[in-house]
Amino acid sequence: MAGFWGRRKREEEAAQSAQDADLARKAEQALVAADERIRTASDELVFAEAELGASLTADLKAALEAVRTHLREAFQLHQLNHDEIPDTAEELRTRNARIAQLCEWAEQLLDDKTATLAQQIAKVRQAPQIIAGLRQDAETLTARLPHARSAIERLSARYSESAMDQISNAADEAEQLVSFATHGADVSERRRAARQNEEANLALETASEAVRRAGVVLDAVEDFEIEALRAESTLAEVVADSRADIIAARTAPQVPAVTSAVSDLEKALASLAPSGSRNDPFAELSRLRTANTALDEAIATARHRIENPLPPLEHVQHALDDADRQLGVARSLIAGHRGWIGADARTRLAEAERLRTDVPTLLPAEETREQALATARRVAQLASEALQLAQRDIDSARPQQQNDGWGGDAPGWGGGGWGGGGRRGGGGGDLASGILGGLVIGSILDGIFD
């Protein structure tokens, strides 16, 4: 048997030694690869700065500085592995793992930064093609300007100024953006010819963004006409629906909220622009839809209130009083037996007290009366549960106290002591034992149980 365990131990040691040797080899290889990666990235940085400028290559430069700093730590750890001071296997294992980790991080960081830089370099090298495409887009947008002006003029005769605010200046804005883009392309070419690549790239990016925005602005003119027609169609449907709702509201409960909502909807209908005049279908639709929805909600609330009348204030007050009584009883019992009460009872009491603070001291308004009643009942339920759980904890603790000599016939604590009455009655103990357990023992043992 001893031979088996000895062989098992030798096998485990051999396996661990093989793993350590493999880790050391990987650490050395990673150190060489990371050092070579730094040298390669440094060369790439030199060429990138010449092509892009200092600002666009700042991230790679900062990454190289950070990598060099951390790789110095890796070289120091590797030196410690080969100095004249003997090292334990655990020390070697920890250092080699750290070396591998630092080298992996360094290569990953440099890969990320050089990949981003490669995209920027590709963009710089493609600048002539990008500028040519930008000029072509500017010509296309310029050709769309007369059509946009004509559309704006036609739509202005149909829709009001408030509706046309979205696109009234769209053609002028698009023309300015196209002019700015063309100027940016010219600046980019001049800067590139002067080998000021950083400024050339900035000018090209702003020109490209200006072309994109000009296209969006002109598209908005064409989209406006379609969206306005849809709004007019929807507005006609909402008008018909609103008039039907006003008629239906005559059979709804005639409460102030319904009457006010009907009045607001009638005013919204009356404010619609006459047929054939310039209007703002978007604003009219929004105003009418809001009033229509408010009427629907008022009728639904009124009907719900008839089917589910508000509880009388007396019921709410009674529920609050009951909740306070339940809380008081549970709070007193737990405070008098703190050393015996577990987490469940304390949690129920804490939640009941938290909810009680949410119920206003004064009687609630109509809109919150149902919620106040439900919360008060929930407080009473939680307080009742806390009381039951606390009593369970007390009953569970009493047999243990008797076994420890605090109850039963032990002199001085029960039985013949303290009046010699012992425990009277069944299951819950008498008043004396309640006071004794809750106040005397509780106060003496607070420090122990807490």
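Analyst: A term first: helices here are DSSP runs of at least four residues, numbered from the N terminus. Note also that this is a predicted model.

User: Are H7 and H9 roughly parallel or roughly antiparallel to each other?

Analyst: H9 covers residues 281–307, and its axis lies 9 Å from that of H7. The two helices pack at an angle of about 30 degrees. Angles under 35 degrees count as roughly parallel. H7 and H9 are therefore roughly parallel.

User: Is the crossing of H7 and H9 left-handed or right-handed?

Analyst: The residues of the contact of H7 with H9 divide into 12 nonpolar, three polar and seven charged. As for the hand, H7 passes H9 in a crossing that is left-handed.

User: Is the aromatic pair of Tyr159 and Phe224 stacked or edge-to-face?

Analyst: The structure holds two aromatic pairs. In the pair of Tyr159 and Phe224, the rings lie 5.9 Å centre to centre, with 90 degrees between the planes. Planes over 60 degrees apart count as edge-to-face. The pair is edge-to-face.

User: How many residues apart are Tyr159 and Phe224?

Analyst: Tyr159 sits in the loop between H4 (127–156) and H5 (161–164). Phe224 belongs to H7. The pair links distant parts of the chain, and the separation is 65 residues.

User: Which helix supplies the largest share of the lining of the largest cavity?

Analyst: A search of the whole structure finds one cavity of 30 Å³ or more. About 40 Å³ of space lies in the largest cavity. H4 and H7 each supply at least two residues of its lining. The largest share, four residues, comes from H4.

User: What residues line the largest cavity?

Analyst: By class, its lining divides into four nonpolar, one polar and two charged residues. They are Arg144, His147, Ala148, Ala151, Leu218, Val221 and Glu222.

Definitions and conventions:
Residues numbered from 1 in each chain as written. Predicted model: local features only at pLDDT ≥ 70, side-chain atom pairs only at ≥ 80, totals over all residues. Heavy atoms only, no water. Axes fitted to C-alpha atoms, helices over the stretch in contact; angles between N-to-C directions. Parallel < 35°, antiparallel > 145°, perpendicular 65-115°, else oblique. Left-handed = near helix turned anticlockwise from the far one by under 90°. Nonpolar A, V, L, I, M, F, W, Y, C, P; charged D, E, K, R; others polar. Phe/Tyr/Trp six-rings, centres within 6.5 Å; stacked < 30°, edge-to-face > 60°. 1 Å grid on protein atoms, 1.4 Å probe; cavity = no way out; pocket = protein on both sides within 12 Å on 5 of 7 lines; lining within 4 Å. Points joined across faces, edges and corners; volume = space filled by probe spheres on them.
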